[in-house]
Amino acid sequence: MTVPAASPATAGPAIVMRGITKRFPGVIALDDVSLDVRRGEIHAICGENGAGKSTLMKILSGVYQPDAGTLEIHGHVARFAGTRDAERAGVAIIHQELNLVDDLSVAANVFLGRERRGRLGLIDDAAMERETERLLATLECRVSPRATAGSLRVGDQQLVEIAKALSLDASILVMDEPTSALTEAESARLERTIRRLREHGTTILAISHKMEEVFRLADRITVLRDGRHVRTVERAATTPAEITGWMVGRDIAGHAFHEPRPRGTKLLEVKNLTLPRPDHPRGYRLSDVSLDLHAGEIVGVAGLMGAGRTELLETIFGVSPPDWTGEIRVAGRPVRFHHPQEACAAGIAMVTEDRKRLGLFPDLDVAGNVSLCKLSAAARRGLLSRAREEALVAGPIRDTGVKTPGPHAAITGLSGGNQQKCIIGRWLLTQPRILLLDDPTRGIDVGAKAELYALIDGLCRQGMGVLLTSSELPELLTLSDRILVLAEGRLTAAFDRGDATEHRILEAATA
Ligand SMILES: Nc1ncnc2c1ncn2[C@@H]1O[C@H](COP(=O)(O)OP(=O)(O)OP(=O)(O)O)[C@@H](O)[C@H]1O
Ligand SMILES: [Mg+2]
């Protein structure tokens, strides 16, 4: 069902929520939330990790049913028993963790459960592929409808999810942190798409932790805190600082750790590292990269997406096939890891950017996910005592500020940002000498970020060394003692703290 477009002047709100309450075991995720969303506006939802943003959007799109409260869509009371009901009312959601079926083609994903059929009742692949191609073209996305979804970059997967929403003719589109995994260019492309959809009258709700993006795009902003509605304001009538203040309801610790850290022994040395890739247009992913990392140091690696930042960290960690040339030394000893386990044994840990694929074990509880690397041997022998595990994970859960009803809550019940904190906690437990952080604070709220920065700073003061990438330059500038810049797989610049500015880094990154 498509909802007939009404003229904005005469039409009531697109969405009216009244007194929405949702409880999970041990938590009130939403407490009496009321909110109106105007037709055709871009409405941003802000709040700390665990504030209830995703839960509210899941109620709007039929994933969850509220325990109390009412929902109206375009003036009609809506009681969605599932997402299909919501889709029929014109509401589509793109989840924080993408939901494509990796093994199916792009077109099959777009039409999953609503396959187009020809005259004989056979699935009409050609028709679905044509339609998918048309939808993707409107999104400036050039992937083939026949490609398998799992082979796409996250940014393209996101656009496939949007194509799916467009194919449903959704009049209300909900996006849960749509840009958290996107490159700068992909984010810009998505912003154009979102604006275009608004021009065509689509109502858009978007959750984001990126304040600049919120202020570029949103017409109005709603802030949630601890499951409660704090404020809904016109974007033009507020500031990022004001929004942040409402989100956290307290002062955020400033970056009060600019005191120089003592630099210790050399932990890691990379010399003339080249990572060939014959199937890659330039023939290599990394070329002639050299760097070193000392105890007590945070070295930032800047660069545009695709510049080779993740490859660099993964090569050091033994994730990529060991077909690189050059030299990697850990504590002076030449190494060539064939598997991350070997890197762990040598005192290296890595936090990756893609928590769904590489990090979370949905069948394990919070404690199980955090203690995984530390206790896996004991657990395999069935010796793992609950008490020992609890004692072990208490520290990292506290230090990283994971919000959870308890150590044995389901990891899948935690909000996205809190899941990420569990993964960071897991690696801290292995007490690495060298910590590789690949965009570690993706999806983590401002308050928690500040706490994590302080934690990392503290660990470096005790002798750890950190190699850090981030999609947010201010984060690199805040944390790093030195910043190296990669462009197209090569090092193009190195800055000491103080010499680095966003402008100079960007210049080197596009060199
Ligand atoms: N399926 C579930 N089972 C149990 N608890 C849940 C479930 N879904 C959400 N919660 C809890 O509800 C609260 C709100 O979570 P929600 O995912 O809505 O947060 P969020 O604002 O989206 O956070 P983030 O920014 O980290 O994504 C959290 O305390 C979370 O642990
Ligand atoms: Mg969320």
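In which sense do strand β11 (residues 266-276) and β12 pair, and over how many bridges? They pair in the antiparallel sense, over 7 bridges; two strands count as paired if DSSP finds at least two bridges between them. This is a predicted model, in which local features need pLDDT of at least 70, side-chain atom pairs count only at pLDDT 80 or more, and totals for chains, interfaces and linings use all residues. Residues are numbered from 1 along each chain as its sequence is written, while chains are lettered from A and ligands numbered from 1 in the order in which they are written. Helices (H or I, at least four residues) and strands (E, at least two) are DSSP runs, numbered from the N terminus.

**Strands and sheets**

- β11 and β12 belong to an open sheet of 4 strands with antiparallel pairing, in the order β12-β11-β14-β15.
- The edges of this sheet are β12 (284-294) and β15 (333-334), each of which pairs on one side only.
- β3 pairs in the parallel sense with strand β8 (residues 203-207) over 4 bridges, with Ile-42 opposite Ile-204.
- β3 also runs parallel to strand β9 (residues 220-225), to which 4 bridges join it; here Cys-46 stands opposite Val-223.
- β9 is in turn joined by 6 bridges to strand β10 (residues 228-234), and the two run antiparallel.
- The bridge partner of Ile-221 in β10 is Val-233.
- β9 and β10 form a hairpin with 2 residues between them, and Asp-226 in the turn has a positive phi of about 50°.

**Nonpolar cores**

- The largest nonpolar core has 67 residues, of which Val-91, Ala-163, Leu-173 and Val-174 touch the most other members; a core is a set of buried Ala, Val, Leu, Ile, Met, Phe, Trp, Tyr and Cys residues joined through C-beta atoms within 7 Å.
- Helix α5 (residues 154-167) gives the most to this core, with 6 residues.
- Leaving out residues up to four places away in sequence, Ala-163 touches Val-110, Thr-132, Leu-135, Leu-136 and Leu-139.
- Another core, of 64 residues, lies apart from the largest one and includes Val-301, Val-370, Val-466 and Ala-500.

**Ligand 1**

- There are 20 residues around ligand 1, and Ala-29, Ser-54, Gly-413, Ser-415 and Gly-417 come nearest; a residue is near a molecule if its C-beta atom, placed from the backbone, lies within 6 Å of it.
- At least two residues of this shell come from each of β2 (27-37), α1 (53-60) and α14 (416-429).
- The shell divides into 5 nonpolar, 12 polar and 3 charged residues; Ala, Val, Leu, Ile, Met, Phe, Trp, Tyr, Cys and Pro count as nonpolar, Asp, Glu, Lys and Arg as charged, and the others, Gly among them, as polar.

**Domains**

- The domain assignment gives domain 1 (265-347 + 432-511) and domain 2 (360-431), with bounds from an automatic or database assignment.
- 12 residues of domain 1 are in contact (C-beta atoms, placed from the backbone, within 7 Å) with 12 residues of domain 2.

Terms used:
Contact = placed C-beta atoms within 7 Å. Buried ≥ 20, exposed ≤ 12 C-beta atoms within 10 Å, placed from the backbone.
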